[in-house]
Amino acid sequence: MSFIPTHFGDEEWELIARNSRHDRLTPEDPDAHAAWRGFIAGNEPPLRTTILESWKRCRADGMDTETFNYSLCNPHHLAEILQSNAELIATARDVMKNLLAYNPDGHINLTDINGITLCFCGQDLTPVGSILTEELLGTNCTGRCLNEKRVVYVLSGENYKQALRERGKHCAAAPVRDASGTMIGVLTLTANRHAFHYHTLGTVQAAAEAIGQHLTLRRLLNEQRTILESMNEGVIVTSPNGTIRELNRYARQVLGLDESVRFSHFDRVLKPEGTLLADFDTRKDLNVTFCPDVKKRIACLISVVKTPDGDRVITLREHRRIRDITRQMMGNSASYTFEMILGNSSVLSDVIHKARNAARSDSTVLLTGESGTGKELFAQSIHNSSDRYSGPFLALNCGAIPRDLVQSELFGYEDGAFTGSRRGGSAGKFELADGGTLFLDEIGDMPLEAQTSLLRVLQENEVMRIGGKRPVKVNIRIIAATHRDLKHDIATGAFRQDLYFRLNIINLNVPPLRDRPQDIPLLLAHFSEHICRGLKRQNVHFSTAALAQLTAYPWPGNVRELENLVERVLNSNEGETIDADDLPEEMRMMERKSARASVPDLRGMTLEEGEKSLILQALEMHRGNLRQSALALNLSRGSLYKKIDKYGIDPNAWRGKPE
């Protein structure tokens with residue numbers, strides 16, 4: 001059954017129907033020549049309406065039927081047109097060549113929406129750049145298709161120009177449309193009379209529609225590839241037998257591959273450790289290490305989806321990239337620098353000088369000093385002054401994490417490592433700090449089992465996740481801090497001596513505030529300005545009497561206590577000057593507290609009796625406040641609780657007592 005086009009008017013259908021028995025349209029051609037002679041003589045011949053209307057327009061425009069030459073587009077403009085239609089031309093060429101196979105003596109040309117010839121094949125009839133509109137060339141098949149935007153044909157005798165009539169060739173043209181149905185060009189077939197059949201029209205229409213479909217397909221493929229290339233995760237598409245069909249930019253970068261691996265087998269190229277692609281079914285968040293060469297191991301989190309036809313779509317993210325994203329979400333960065341540490345005292349300046357020197361190396365630093373002295377400020381400043389400043393800075397308070405979670409927090413865990421573990425596993429602080437600095441605050445409170453694992457990290461520069469089979473190399477600097485006497489803890493077996501030696505390569509003792517009283521006015525001015533800005537009030541100043549009391553106070557809570565006191569005073573006083581009477585009661589009773597703080601005579605006491613006496617004195621001094629008592633005794637709050645229980649002491653006995 002022959003293909004019949006579906007976009008003709010009634011007259012065209014009638015003509016096709018009459019000629020379907022003859023398989024050619026040529027019987028109408030002599031009638032067209034007779035009609036032409038009648039039209040020139042001033043008559044209105046019995047022609048197809050569209051042809052007759054076109055002839056009338058040409059005559060009204062004064063078009064010369066005898067003169068014939070192609071109007072050519074400006075070369076510079078033509079270059080721009082060819083460039084902008086490059087995709088259309090590339091898509092149409094193969095279709096045009098296939099169409100020419102059925103008309104080897106014919107001519108096929110493609111024009112844009114303005115009738116400018118973009119390319120042709122077969123006989124050299126319409127040069128590239130020639131303009132085939134009705135306005136310039138008279139009645140012709142391409143011009144008619146441009147006007148009517150449907151499949152058309154023009155017999156040789158229906159052309160307006162004599163030169164085109166004398167060629168004795170018939171033409172069929174069909175619009176080329178894009179995915180939205182918009183006409184973007186015209187495909188025209190010119191053939192000898194004997195080769196021009198009524199079903200030729202359908203063939204031309206099918207070819208034009210094929211070009212449009214190919215364009216749509218190319219557009220979809222380009223969009224798909226653009227989406228794949230822009231994705232922030234790797235995508236690899238494999239055939240059912242494991243051959244790589246597609247891989248995007250991210251996958252090539254992470255795995256160190258190029259386009260040449262297409263059509264190679266996934267397992268042979270990527271060498272997944274301990275498994276094969278054949279083992280992968282639909283999976284989510286699977287940890288896999290790829291070994292594309294002997295020197296490269298790339299740990300990734302992958303997911304696998306099987307398509308209905310058996311292809312596999314593998315998405316992957318490198319563990320390093322996942323850690324970067326996690327760090328960004330957690331906001332792990334160091335904000336303090338040495339310039340932000342306030343104080344001009346010689347003791348503080350000496351520590352800052354040593355810390356600046358420590359920033360020049362990657363050696364482990366141990367920061368010691370009482371709570372509230374600003375050890376983390378020094379840790380951040382060392383990081384920001386080192387070559388690792390662009391890497392992550394992570395802080396972990398070893399005393400604030402439950403003992404059974406310290407290992408997983410530090411070293412991470414694999415999928416299914418323990419009940420309640422997150423699916424897909426989780427990176428620990430060591431992995432997240434890779435390339436940067438890990439600050440371990442209150443290192444003295446770290447459990448012994450975690451101390452053993454930490455020692456291995458410091459010695460081998462590698463981390464083993466809980467439930468993991470292979471260690472992960474890390475490049476981190478450790479800065480540890482403690483307010484405890486680690487040598488005493490070593491003697492009691494609470495801290496490993498070998499770990500202490502590994503940590504104590506560079507030791508910096510941050511001085512307490514009472515050892516640098518000359519820095520108190522500077523700190524007061526800084527805190528009061530900052531807090532007043534937050535309270536949206538004018539800045540205040542401290543009187544001489546207030547400064548004297550604040551300078552003489554021993555500050556067991558150090559700089560942190562000073563900052564809290566300033567905020568407390570400013571919230572309870574509205575004046576522009578803070579006097580001695582505006583200070584909290586403990587400031588005003590400082591002398592009596594100092595007297596009570598004198599060391600008792602421990603002669604004749606046992607060790608336990610002396611320890612109990614000191615605890616009782618601290619509780620009395622701080623009226624049962626366990627936090628301040630623990631700071632004064634240089635103990636953790638947990639240790640103080642244990643000793644209070646041991647000696648049967650009731651802190652409530654001092655609470656609410658007058659000074």
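This is a predicted model: local features need pLDDT of at least 70, side-chain atom pairs count only at pLDDT 80 or more; totals for chains, interfaces and linings use all residues.

Trainee: What is the strand order in the open sheet of five strands?

Mentor: The order is β7-β6-β10-β9-β8, and the pairing is antiparallel. β7 (244–247) and β8 (283–293) are the edge strands; each has a single partner strand, so one side of each has no neighbour in the sheet. On average, neighbouring strands are turned by 30° against each other, direction ignored.

Trainee: How many bridges join β9 to β10?

Mentor: Seven bridges join β9 (residues 296–306) to β10 (residues 312–318). V304 stands opposite I314 in β10.

Trainee: Switching topic. Which residues of the largest nonpolar core touch the most other members?

Mentor: That core has 33 residues, and the ones touching the most other members are L88, M96, I108, L110, V176, L187 and I211. Elements that each supply at least two residues include α4 (75–84), β1 (107–112) and α9 (200–230). The largest share, seven residues, comes from α5.

Trainee: And what does L110 touch?

Mentor: Leaving out residues up to four places away in sequence, its contacts include L88, A92, M96, V176 and V186. Another core, of 31 residues, lies apart from that one, with C398, L438, V474 and L499 among its members.

Trainee: Last one: is S381 buried or exposed?

Mentor: S381 counts as buried, because its relative accessibility is 0%. S381 sits in helix α14 (residues 375–384).

Trainee: Which backbone oxygen lies 3.2 Å from a polar atom of its side chain?

Mentor: That of T337. S381 also touches Y336, F338 and I341, not counting residues up to four places away in sequence.

Notes. Residues are numbered from 1 along each chain as its sequence is written. Side-chain values use heavy atoms; hydrogens and water are left out. Helices (H or I, at least four residues) and strands (E, at least two) are DSSP runs, numbered from the N terminus. Buried means under 20% relative accessible area, exposed over 50%, partly exposed in between (1.4 Å probe, protein chains only). A polar contact is a pair of N or O atoms within 3.5 Å; within protein, one must be able to donate a hydrogen and the other to accept it, and residues adjacent in sequence count only if both atoms are side-chain atoms. Contact means heavy atoms within 4.5 Å. Two strands pair if DSSP finds at least two bridges between them. Axes are lines fitted to C-alpha atoms, for helices over the stretch in contact, and angles run from 0 to 180 degrees between N-to-C directions. A nonpolar core is a set of buried Ala, Val, Leu, Ile, Met, Phe, Trp, Tyr and Cys residues joined through side-chain atoms within 4.5 Å.
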